[in-house]
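Work through the following exercises with the model at hand, and compare each step with the solution given below it.

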Amino acid sequence: MTEEPPHQPSAPGSKEVWKKGGRMFSILLAVHLALLACTLVSSGAFERIAVHDYDVFFLLTVMMLIVIIWIIFYLVSTSRCPDAILCKDSHAGPIWLRGGLILFAIFSLVMDVFKIGYYSSFYSCLSAIKIMYPIVQAIFVVVQTYFLWISAKDCVHVHLNVTRCGLMLTLTTNLAVWMSAVTDESVHKAHSKLKKNTTEELGSTEACNCNSQICQIFKNGYFWLYPFNIEYSLFASAMVYVMWKNVGRFIDHHSHHVQRLKFKLFRRTFFVGIVLGLIILVSGLGVLIVYEVQVNSSTEPSKKSQALTMYYIFNIVCLGLMSLVCIGGSVIYRFDKRDMDRHKNPTRTLDVALLMGAALGQYAISYYSIVAIVASTPRDTISALNLTYALLMIAQHTFQNIFIIEGLHRQPPKEDHKHSSHQKELYGLTFVNVNAVSLRVPDSGSASAPSAAPGSEGSHPSDLLRSLTAPKKINWRRKFLREISMFLLLCNIILWIMPAFGARPHFDNDTELNFYGDSMWPAIVDICLPFGIFYRMHAVASLLEVCIMS
């Protein structure tokens, strides 16, 4: 069977089969690479297994180099082919997502600089791959960030199978880097929290110990910057996945109008939600600082107990308010007259899947905590607060997911568009756009505009101009939904900052540790907590989308 010319669409059935076949091959490639990377990364985390960290670094370095070469090929091939990108997905790669990607990329580059400085202190007794790895990773971050900034919305129609495989390789590489960073950071945090005597990773000889002050600064610096690198890898993975879904896709051009409408609606003011959210954010930063100081530097049990009490009370208040607000927002959606958006949207589908999947990590930790607290004795104030915290964590994740998913599936408001369209039809006049202000000018050669009734709205051109340019009153439901979204957004930021930058009551509170043991409980936390941290950052992006859609 001969292949049809590119300009003639093939039969729907055969086209869909070929599309699924190309996707399946790229998925199989990604699965095998991900399993190999996961095996090496997890094996390298244990001291009794003869897999060294430089084995992991070698694999990741090779994968990043291949991705860099493929990205260059993609950029060159699409720029030379005028029909490579026939349409763009306006929902993919919104400006706030790409802006967050650049922010995390900058911190990731700083982390790589710290890593280079740290490993350079031991260059005489290190494998060359350990110094090459952060250098290649820095180049990878720069190239990939540029690629996603300019190509996140592309719907590619050339080299379909090569593009799908290249995107899946990029996705797998980001996930492998994420797994490596999470493992390294989790092991470091667990060891420091459990106060275990561990040997230096670089050896026990004096020449390979990190004794100088500058070396300690580099070491502590890159560990503190791990959360940004972790989020960068996940942000990039999500954007690459949407690009993979859009390969060979055709999109109607009307979606661009919707995107402009969103940004226009975003220029409304907020007050209550931002103020309350900022109060929670600033209070949380204060709680985090006091908690870290008292838990890590104080040897008195009373100080540790006070720090845990303060931490749990703050989180209980924050989670309780967030749960109530989410319930209120969901009730408002029940009376929302906007239509549901049932169009195919890979970005929204991915957002929902990530929200539901990432929440499982915090669900798991909470349920393990509930079982340990209920089954353990004696029960003191800390245990009661911990139990309340775990229950509220489950409730808040559930109610917030319902609120966000409801918001993501709503059509943007059409009131402003309908109002402006109605005004344009009045008097049979032509509108001229001057500096984004609509002015009406009588059509040349046409009859004079009919006069309106005295005192009626729009009876004079100046009245109609004022009605077009004056800010319109926002429906109270929409305003309330925006206040809720902004409050939840700021609360999720502080709930991301606290665990990402050191607050780990899972190890400072001995209940779960004594119940599950030194091996099982750290493994549970190290596997599940990164998903909980990612959930908060992804919820921030989703809530911003909900706020704009409102």
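**Exercise 1.** Determine whether T388 counts as buried, partly exposed or exposed, and find where T388 lies.

*Solution.* The relative accessibility of T388 is 34%, so T388 counts as partly exposed, given that buried means under 20% relative accessible area, exposed over 50%, and partly exposed in between (1.4 Å probe, protein chains only). T388 belongs to helix α12, and a polar atom of its side chain lies 2.9 Å from the backbone oxygen of A384. T388 and N315, 73 residues apart in sequence, are 9.8 Å apart in space, C-alpha to C-alpha.

The model is predicted, with local features needing pLDDT of at least 70 and side-chain atom pairs pLDDT 80 or more, whereas totals for chains, interfaces and linings use all residues. Residues are numbered from 1 along each chain as its sequence is written, and side-chain values use heavy atoms, with hydrogens and water left out.

**Exercise 2.** Describe how α11 passes α12.

*Solution.* The axes of α11 (residues 346-375) and α12 (residues 381-408) come within 9 Å and cross at roughly 165°. That makes the two helices roughly antiparallel, the term for angles over 145 degrees. The crossing of α11 with α12 is left-handed, and the residues of their contact comprise 17 nonpolar, eight polar and two charged.

Note on methods: Axes fitted to C-alpha atoms, helices over the stretch in contact; angles between N-to-C directions. Helix = DSSP H or I, 4+ residues; strand = E, 2+ residues; numbered from the N terminus. Parallel < 35°, antiparallel > 145°, perpendicular 65-115°, else oblique. Left-handed = near helix turned anticlockwise from the far one by under 90°. Nonpolar A, V, L, I, M, F, W, Y, C, P; charged D, E, K, R; others polar. Polar contact = N/O pair within 3.5 Å; in protein donor to acceptor, adjacent residues only side chain to side chain.
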